Amino acid sequence: MLVPVILAAGKGKRLKSEVPKPLVKIKGKPMIIHVLNKVSAFCESKCSIVVINPDFEKEFREVLDENTLLAYQNSPKGTADALKRSLHLIPDNSDILVMYSDLVLIAKGSLKSLVELHRNGDCDITFLSGITQEKFPYALVERNENGKVVSFEERKIPDFPPPWEFYIGPIIIKKEIVQEYIGQLVPNKETGEIYIADIVALALSDNKSVCGFSTSDKEEFLGVNTPEDLQTAEKLLTD
């Protein structure tokens, strides 16, 4: 079973909004609704899980439907910590489709390809990445000459010429993989946070099957973090 988990606990201070970032509207709908609509087409689970800051439960309840389950992250301790908060709601032997609530420009076609690769490639972990000539503050993906993923490192600055491949958000990961590695993660020295990218790195070190589908569409790279990002997303969003 494929279970969607949307990470939506960030307050989005840079967006300068009066409501939590996932509830900011684009095209008349909160961002979280756009993301839920995208993932629901590919998930067998009748219930989606949204990880929120409990201070804003009332506001989220007002926009989410009755089939949406809530998990709670009290403070920003990283994406892996947020995912950990949802595990008790996910049936065993499930695949988890993790999405970020501000990635409203991820195309449905990319999500479909991600799901198909995960199912047909017998992958433990399958991620969406972007191929670019620009540097991004995302996890850097490195492959060998055969295209096999050999490195997956959060915030690593590439020391080789472009094009570069960066992990840009959606990821499918088996629940048992998360459970196996979540207790081994070490908080980042600068941020004190733990990241989903760290789970992928540990899985690679144990020769788990890690697959990636890549897009060259720069629109999909955009997370809505600033008022300028919001204006851009308003222009570009088509569904």
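A nonpolar core is a set of buried Ala, Val, Leu, Ile, Met, Phe, Trp, Tyr and Cys residues joined through side-chain atoms within 4.5 Å; buried means under 20% relative accessible area, exposed over 50% and partly exposed in between (1.4 Å probe, protein chains only). The model is predicted: local features need pLDDT of at least 70, side-chain atom pairs count only at pLDDT 80 or more, and totals for chains, interfaces and linings use all residues. Residues are numbered from 1 along each chain as its sequence is written, and side-chain values use heavy atoms, with hydrogens and water left out.

Q: How many residues are in the largest nonpolar core?
A: Nonpolar side chains tend to be buried together in soluble globular proteins. Here, Ile32, Val50, Ile96, Val104, Phe152, Tyr167 and Ile199 touch the most other members of the largest core. The number of residues in that core is 73.

Q: Are lysine 21 and aspartate 102 buried or exposed?
A: The two residues form a salt bridge, their closest N and O atoms being 3.1 Å apart; the term requires a side-chain nitrogen of Lys or Arg within 4 Å of a carboxyl oxygen of Asp or Glu. The pair links distant parts of the chain, 81 residues apart. Both lysine 21 and aspartate 102 are buried.

Q: Which residue forms a salt bridge with arginine 143?
A: Arginine 143 counts as partly exposed, at 30% relative accessibility. The closest N and O atoms of the pair are 2.8 Å apart. The partner is buried, with a relative accessible area of 8%, and is glutamate 165.

Methods: Helix = DSSP H or I, 4+ residues; strand = E, 2+ residues; numbered from the N terminus.
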